[in-house]
Amino acid sequence: MSRVGKAPIALPAGVTVTVSAENVVTVKGPKGELQQAVDSDITIAQEDGQLLVQRPSEQKRHKALHGLYRALLNNMVVGVTEGYKVQQELVGVGYRATNTGNTLDLVLGYSHHYVFELPKEIKVTTTADKGKNPTIILESIDKQLIGQVAAKIRSLRAPEPYKGKGIKFVGEVLRRKAGKSASKK
């Protein structure tokens, strides 16, 4: 049995979950509202302040969907209560990040700027302290959306293995390579 799927989801105070006839789950909380369409075979039950995800059989497909939807629903509950935050830093001489509302302007060592329009569900802030790398901070209630946007921003200038220049997540450990001079011994 799916270990992820059979774990109940605790519903904090202030969070309401409704399941429509078409099996669309809506989670409302203090930070907002999220919706997720669930496969018609999977059933969602609510009892004793917990959300339970159940599957009809032991088929491989049902086992896979069981863990998937439990994880997605848990991410929704965490999102509407606490929210998600992703921090990225720009490593490189002359790399800058500024924002105006939900428009992110990046200078990444190319001959042009990257102007990136973010979805309205994501709140962006940028910091540029003296002596530290510029930082982009993304905040949202939707884990999938914030991860997708962060990956897109990172892909504009992925960190290279020799000097580590590029856009990386804060706390990310990069695998570094030795340069040419290291092999001539």
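1. Thr16 stands opposite Lys28 in strand 3. Strand 2 and strand 3 run antiparallel and are joined by four bridges. Strands here are DSSP runs (E, at least two residues), and helices are DSSP runs too (H or I, at least four residues), numbered from the N terminus. Two strands pair if DSSP finds at least two bridges between them. In general, strands of a sheet pair through backbone hydrogen bonds, either parallel or antiparallel.

2. A word on the basis of this note. The model is predicted: local features need pLDDT of at least 70, side-chain atom pairs count only at pLDDT 80 or more, and totals for chains, interfaces and linings use all residues. Residues are numbered from 1 along each chain as its sequence is written, and side-chain values use heavy atoms, with hydrogens and water left out.

3. Look next at the turn between strand 2 and strand 3. The hairpin has four residues between its strands. Asn23 lies in this loop, between strand 2 (16–19) and strand 3 (24–29). Its phi is near 65 degrees, a positive value in a residue other than glycine. Most residues other than glycine have a negative phi. Is Asn23 buried or exposed? Asn23 is buried, with a relative accessible area of 12%. The cut-offs are these: buried means under 20% relative accessible area, exposed over 50%, and partly exposed in between (1.4 Å probe, protein chains only).

4. Strand 3 also pairs with strand 4. Six bridges join the two, which run antiparallel. Val27 stands opposite Leu34 in strand 4. Two residues lie between strand 3 and strand 4 in their hairpin.

5. Asp48 also has a positive phi, near 55 degrees, and is not a glycine. The residue sits in the loop between strand 5 (43–47) and strand 6 (50–54). Asp48 counts as exposed, at 76% relative accessibility.

6. Which strands make up the four-stranded open sheet? The order is 11-12-7-13, and the pairing is antiparallel. Strand 11 and strand 13 (166–169) are the edge strands, each pairing on one side only. From one strand to the next, the twist averages 25 degrees. That angle comes from axes, which are lines fitted to C-alpha atoms (for helices over the stretch in contact); angles run from 0 to 180 degrees between N-to-C directions.

7. Now take the pairs in this sheet. Strand 11 (residues 123–127) pairs with strand 12 over five bridges. There, Thr127 has Thr135 as its bridge partner. Strand 7 (residues 84–91) pairs with strand 12 over six bridges. Gln87 has Ile137 as its bridge partner in strand 12. Strand 7 is joined to strand 13 by four bridges. Glu89 has Lys168 as its bridge partner in strand 13.

8. How many of the six residues of strand 12 are buried? Five are, and strand 12 (residues 135–140) is mostly covered. Gly166 lies in strand 13. At 0% relative accessibility, Gly166 is buried. Gly166 and Ile122 are 44 residues apart in sequence, and their C-alpha atoms are 22 Å apart in space.

9. A three-stranded open sheet has the order 8-9-10, with antiparallel pairing. Its edge strands are strand 8 (96–100) and strand 10 (114–117). The twist here averages 20 degrees from one strand to the next. Five bridges join strand 8 to strand 9 (residues 103–107). Thr100 has Thr103 as its bridge partner in strand 9.

10. The largest pocket holds about 180 Å³ of space. Its lining includes Leu34, Leu72, Ile141 and Lys143. Strand 4 (32–37), helix 2 (60–81) and helix 3 (143–155) each give two or more residues to the lining. On a 1 Å grid over the protein atoms alone, a pocket is an open set of points with protein on both sides within 12 Å along at least five of seven lines, and lining residues have an atom within 4 Å of a point; a cavity is a set where a 1.4 Å probe fits but cannot get out. Grid points are joined across faces, edges and corners, and a volume is the space filled by probe spheres set on the points.

11. UniProt, in an unreviewed entry, places the feature "domain: Large ribosomal subunit protein uL6 alpha-beta" at residues 12–83 and 91–168. UniProt positions are in the numbering used here, feature names are shortened, and annotations may be inferred rather than shown by experiment. Residues 12–83 are 31% helix and 36% strand. Residues 91–168 are 17% helix and 37% strand.
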